Protein chains: 4
Amino acid sequence: MTKIMTIKHIGILTSGGDAPGMNAAIRAIVIAAHHYKIAVFGFYAGFNGLIDDESVLLSDKAVAHIIHKGGTILKSARCPTMKTSLGIAQATSTLMKEKIDGLIVIGGDGSFTGLLALQKQWSGQVIGIPGTIDNDIDGSDFSIGFSTAINTAIEAIDKIRDTAEAFERIFIVELMGRNSGHITYNVGIACAAEQIISFENFATKNQTASEQEKLLALAKEIKLAQANRHASYIIVLAENLWQGGATALAQQLQTLANIDCTACILGHIQRGGSPVAKDRILATKLGVGAVQAMIAGKSNIMIAEQNNAVAHVALQTAIMHQQGVSNNLVQAQENILALTAQRL
Amino acid sequence: MTKIMTIKHIGILTSGGDAPGMNAAIRAIVIAAHHYKIAVFGFYAGFNGLIDDESVLLSDKAVAHIIHKGGTILKSARCPTMKTSLGIAQATSTLMKEKIDGLIVIGGDGSFTGLLALQKQWSGQVIGIPGTIDNDIDGSDFSIGFSTAINTAIEAIDKIRDTAEAFERIFIVELMGRNSGHITYNVGIACAAEQIISFENFATKNQTASEQEKLLALAKEIKLAQANRHASYIIVLAENLWQGGATALAQQLQTLANIDCTACILGHIQRGGSPVAKDRILATKLGVGAVQAMIAGKSNIMIAEQNNAVAHVALQTAIMHQQGVSNNLVQAQENILALTAQRL
Amino acid sequence: MTKIMTIKHIGILTSGGDAPGMNAAIRAIVIAAHHYKIAVFGFYAGFNGLIDDESVLLSDKAVAHIIHKGGTILKSARCPTMKTSLGIAQATSTLMKEKIDGLIVIGGDGSFTGLLALQKQWSGQVIGIPGTIDNDIDGSDFSIGFSTAINTAIEAIDKIRDTAEAFERIFIVELMGRNSGHITYNVGIACAAEQIISFENFATKNQTASEQEKLLALAKEIKLAQANRHASYIIVLAENLWQGGATALAQQLQTLANIDCTACILGHIQRGGSPVAKDRILATKLGVGAVQAMIAGKSNIMIAEQNNAVAHVALQTAIMHQQGVSNNLVQAQENILALTAQRL
Amino acid sequence: MTKIMTIKHIGILTSGGDAPGMNAAIRAIVIAAHHYKIAVFGFYAGFNGLIDDESVLLSDKAVAHIIHKGGTILKSARCPTMKTSLGIAQATSTLMKEKIDGLIVIGGDGSFTGLLALQKQWSGQVIGIPGTIDNDIDGSDFSIGFSTAINTAIEAIDKIRDTAEAFERIFIVELMGRNSGHITYNVGIACAAEQIISFENFATKNQTASEQEKLLALAKEIKLAQANRHASYIIVLAENLWQGGATALAQQLQTLANIDCTACILGHIQRGGSPVAKDRILATKLGVGAVQAMIAGKSNIMIAEQNNAVAHVALQTAIMHQQGVSNNLVQAQENILALTAQRL
């Protein structure tokens with residue numbers, strides 16, 4: 001209760017890979033904070049802004065009409081210095097100098113790890129908001145940017161499908177996601193991919209198989225499917241799963257099995273663009289939730305979405321990477337995939 | 001168990017207003033059914049196809065590459081005859097003649113009411129799938145088409161915002177939703193509307209007020225907001241809430257309060273278009289779920305999504321219209337709105 | 001030649017209805033001017049900014065990353081005062097006070113008329129750039145914003161087509177264009193409309209016919225088309241052509257001929273949005289061309305595009321409204337339409 | 001004149017890389033032909049359909065609602081056999097067997113070369129329609145698909161810009177175009193690229209320079225630009241210009257000049273997607289023009305667009321590759337680029 005009185009200045013920053021909806025979260029935080037007469041300082045370029053004390057006092061006007069913009073007006077960056085005790089000391093020094101009562105960080109697991117380290121040295125409250133297209137944060141059904149990224153990817157693959165159909169051709173489309181298959185899985189289902197190669201299925205199913213055995217099994221499936229029909233065939237491939245990525249896989253299919261296919265790496269288009277409604281609403285809910293949690297004296301938590309409602313999750317939990325593609329979704333999607341794999 | 005053996009022919013139809021993702025559901029049903037060696041007959045133009053016995057045997061090829069298409073390949077229509085006992089008798093006759101074991105209907109509450117009536121006369125299994133942009137089906141967090149509709153609407157309003165900003169002008173944008181505010185609420189938040197006029201807030205807040213009192217209260221809010229800033233001002237308005245809609249409201253604001261604003265009725269663009277990823281995945285999950293429920297001998301249920309998982313809901317429950325904008329979302333969104341109402 | 005030396009300050013403003021690409025033109029003017037060491041002052045809200053002396057010195061930074069933004073960073077507005085001698089005197093006074101050597105106005109015929117009036121009182125150079133979605137400027141094949149507007153409209157009608165097909169329904173879609181049919185014609189062809197009702201064909205063909213005769217002729221065509229097929233039917237209608245617009249036309253078709261159709265007014269979504277490539281490139285070419293013409297001592301001209309090249313056209317010519325839908329395009333499009341009218 | 005009587009059967013095919021708008025051209029040809037009571041046979045998979053005699057009689061219904069679809073309903077393919085005398089003999093045999101009076105091919109220079117070879121052995125009329133995203137056909141201002149491809153590319157780069165800005169990062173985006181810079185130039189201007197590396201400027205400017213000298217010159221420019229500002233920097237690169245493409249260029253800039261940048265290869269998304277208005281209208285005009293030219297007894301020509309009007313160009317001329325980026329556009333664009341190169 002007494003805590004509520006003490007919050008006068010909040011700091012915010014965006015860190016790690018940018019994600020569509022980060023600006024919507026910044027806007028929600030600033031508007032909600034102003035509602036409670038709290039000033040908001042935006043630190044630039046992730047934790048670098050803390051270390052170098054580069055910030056801006058965010059006005060209502062500064063966040064007007066940014067809800068629909070990709071990227072982040074506060075810029076983002078990796079910050080290796082934040083992994084050193086010197087970096088944490090500098091960040092702490094800035095926060096004390098600027099009289100920041102609480103810090104909100106929008107980012108992924110790396111950013112939350114930085115927050116946890118900081119919180120050991122600094123007495124202010126720390127709150128995380130999941131902002132990453134990879135959706136690899138435990139404890140939140142969705143992270144900001146994920147829904148936009150999968151929509152960008154399916155729009156791209158819908159276009160690739162046109163050419164694939166015109167030429168009855170095989171395409172391997174490599175998707176982002178770091179070490180998780182959320183994007184690959186969801187995109188694969190939504191664009192009716194003939195084959196999904198992701199951590200959750202491919203790696204597990206073929207655990208004991210050699211690279212070459214996996215390749216031959218894949219080649220066999222492709223040949224079987226193509227024998228029965230004249231049509232396009234699209235494989236979605238999670239990045240970091242196959243050594244050398246889509247380009248290597250395409251070459252190996254050619255060499256080993258005489259299968260002719262085209263590799264496409266969607267790349268950074270998945271990171272940008274105007275956020276879809278889901279990401280704008282999610283970011284608004286989590287942003288407002290973060291300010292309300294700050295006022296309620298909470299710290300060391302991530303503001304999450306669980307079953308469409310706002311929830312609080314320990315930062316420590318958020319970075320555990322045990323959640324996989326999702327609670328019950330993995331199996332459901334595997335079923336769907338099994339059923340749809342033999343479709344025309 | 002014995003039931004499983006008996007399913008040889010499934011009938012499907014799309015009914016009521018079309019919704020993006022209906023084709024994805026049709027595709028999922030056909031593929032899943034074929035997986036279990038079940039034939040699928042598609043009846044045309046909603047219940048009319050049942051009454052007139054107009055159907056097509058759906059092959060894998062017929063549903064290839066339709067996952068991304070708006071509308072419905074089975075066409076849709078209202079069917080007043082289905083509300084008569086003659087209509088139900090004719091539909092029953094067709095289902096028996098064609099040896100249909102179970103019927104899956106993708107549609108809204110009107111369609112489910114037809115299904116309930118049919119089920120009293122016909123011994124086959126009946127299963128509903130929620131397909132309506134309005135999202136006004138109880139027991140499912142989302143209905144097919146809703147997510148696409150709100151994205152179409154926010155893209156349109158993002159464009160209107162450009163002109164609104166250039167002219168520092170007030171726009172009233174009328175949105176679909178029949179008698180529910182799901183679309184209006186979500187779009188309002190996602191496009192950072194300055195004002196949301198929907199059943200859940202406006203009607204309730206001003207219950208005892210006369211039309212004119214409501215109008216004057218609104219005018220006062222607008223004038224207050226505009227006094228403090230030079231900027232655009234966008235009001236989203238639920239259809240069927242204000243007598244005469246956006247056009248009437250604009251005229252009345254002009255007449256009573258000398259407020260100059262432009263009415264836009266988004267209309268039918270909200271119904272079409274390529275479904276977003278959420279609707280494609282939802283439709284795929286529910287379509288597969290419907291076939292699996294059919295095989296398991298289930299009847300009189302709607303296949304729903306609850307907390308990202310597939311759930312079964314009594315058809316009777318689905319049409320009750322007691323769910324409102326959503327379980328805990330209404331209050332959450334009201335809070336957000338209160339906080340963001342005074343923003344630039 | 002000596003003139004080249006004298007240009008130190010250019011003023012620019014955007015006037016009339018906003019059009020996608022106006023920002024791209026502002027950017028091109030500023031960058032080109034800076035290349036020649038000329039300062040650029042942006043006046044706000046059209047001619048109002050001249051009258052009220054509200055302007056901003058435009059830096060490189062101010063125009064960075066605006067090429068893809070709809071609306072206009074300088075805002076726009078109608079300006080009745082500019083039609084009075086007092087208004088022109090005030091504008092002249094501002095231009096002299098601010099030592100403006102030349103004024104570039106991005107807008108339509110109303111804006112150019114203001115420029116012509118101004119030029120009679122003021123000794124500086126005046127140059128126009130055609131910026132209006134209506135494309136109703138004589139002497140330029142394209143005006144900035146037109147290409148984006150027709151693309152926005154066809155994307156909207158593609159969505160409406162989904163519902164029209166699902167319900168085998170007739171839609172009347174009303175399009176912008178003031179008193180010219182450029183938008184209606186091009187959109188009609190590009191979305192394969194079954195019927196185009198525009199100034200260039202409908203008004204001319206039926207010159208002596210009464211409103212009711214025209215209506216009956218239209219009803220006959222619709223009924224004939226619908227008799228032969230079960231399909232959607234989309235009519236595109238130019239605004240300001242039919243008394244009461246699409247809504248009235250739909251009601252009258254219902255009353256007189258028992259034809260059931262749905263009216264859609266696309267409205268202001270046609271004005272906004274990120275400009276398509278054509279408008280960005282056109283705006284860049286015309287913006288650079290305007291600065292180069294200014295340096296060359298030209299005045300009283302519009303910078304136009306003719307046959308893909310930059311051209312100079314007398315402002316007096318630009319506002320004559322004699323060009324119609326286009327040089328040879330009218331007949332070509334009529335032919336196409338005649339051929340495609342009876343298609344499925 | 002007498003010729004008009006003889007045309008009863010037209011054959012059409014799409015050949016080479018698919019391009020958005022090919023379906024719109026097919027539709028226009030079929031509708032126009034039916035207007036003149038001519039039957040249209042669509043041959044599948046480019047010239048392969050001629051050689052293997054695989055075709056379909058195209059009905060009005062077959063081409064309804066395809067104007068907005070990417071790809072080609074007739075499929076496309078390369079056809080090495082068509083370069084042999086055996087292939088030409090087989091194609092001729094099919095055309096005679098099927099009583100085809102004239103053949104229309106939608107494709108690029110390779111397709112037209114096939115047509116020229118065919119015409120030496122076969123007495124029917126041959127007409128080409130320029131359909132390639134590369135726009136590298138002499139004698140036509142635009143080829144079908146080009147406008148859509150550049151719009152797809154700028155939408156992708158707008159998204160990349162978001163991340164580039166958030167990270168103040170350098171991106172090298174590789175664009176399609178085979179050996180011409182039309183796409184690269186237009187996209188570069190439209191997305192405000194900081195650097196355009198294309199055949200028309202880079203190759204020419206640095207003719208005598210070694211690869212390494214070119215690289216160092218480029219590195220110097222980048223470093224100069226980045227020294228003065230903190231911002232994103234986007235280079236668009238024509239495919240087939242730099243040995244190893246964007247990936248190699250990025251690595252070399254890193255190795256030689258310690259410049260950290262990210263390579264993106266847009267790839268096949270540029271080929272598909274719903275055609276923009278320009279491509280739909282162009283395809284409709286050229287398709288109708290082809291049928292009318294066929295009826296008028298013309299042969300050995302390409303139906304082109306020159307100054308917005310339909311024109312006839314000798315097939316021999318169309319494949320000469322002397323036209324470069326365009327008539328007067330090259331210099332105009334170079335000027336613009338020079339002016340905008342130093343912008344923020």
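How many salt bridges does a search of the whole structure find over all chains? The search finds 52. The structure is a predicted model, with an ipTM of 0.94 and a pTM of 0.95. For chain A the average pLDDT is 91, and 90% of the residues score at least 70.

| Salt bridge | N to O distance |
|---|---|
| Asp260(B) and Arg169(B) | 3.4 Å |
| Asp109(D) and Arg178(D) | 3.2 Å |
| Lys214(D) and Glu211(D) | 4.0 Å |

In chain D, Asp109(D) belongs to helix H5 (residues 109-121), while Arg178(D) sits in the loop between strand S6 (170-175) and helix H7 (182-190), so that this pair links parts of the chain 69 residues apart. Asp109(D) is buried at 15% relative accessibility, and Arg178(D) is partly exposed at 33%.

Lys214(D) and Glu211(D) are three residues apart in helix H9 (residues 211-227) of chain D, and therefore about one helical turn separates them. Lys214(D) is buried, with a relative accessible area of 13%, whereas Glu211(D) is partly exposed at 41%. In chain A, salt bridges that share partners join Asp109(A), Asp134(A), Asp136(A) and Arg178(A) into one network.

In chain B, Asp260(B) is partly exposed at 43% relative accessibility, and Arg169(B) is partly exposed at 25%. Lys75(B), in the loop between strand S3 (55-57) and helix H4 (85-97), is buried at 17%.

Chain A superposes on chain B by a rotation of 180° with 0.0 Å of shift along the axis, at an RMSD of 0.0 Å. The two copies are therefore related as by a two-fold rotation axis. Asn307(A) is the residue of chain A that comes closest to the rotation axis, its C-alpha lying at 2.3 Å.

Definitions and conventions:
Residues numbered from 1 in each chain as written. Chains lettered and ligands numbered in written order. Predicted model: local features only at pLDDT ≥ 70, side-chain atom pairs only at ≥ 80, totals over all residues. Heavy atoms only, no water. Least-squares fit on C-alpha atoms with pLDDT ≥ 70 in both. pLDDT = per-residue confidence, 0-100. Helix = DSSP H or I, 4+ residues; strand = E, 2+ residues; numbered from the N terminus. Buried < 20%, exposed > 50% of the residue type's maximum accessible area, 1.4 Å probe, protein only. Salt bridge = Lys/Arg side-chain N within 4 Å of Asp/Glu carboxyl O.
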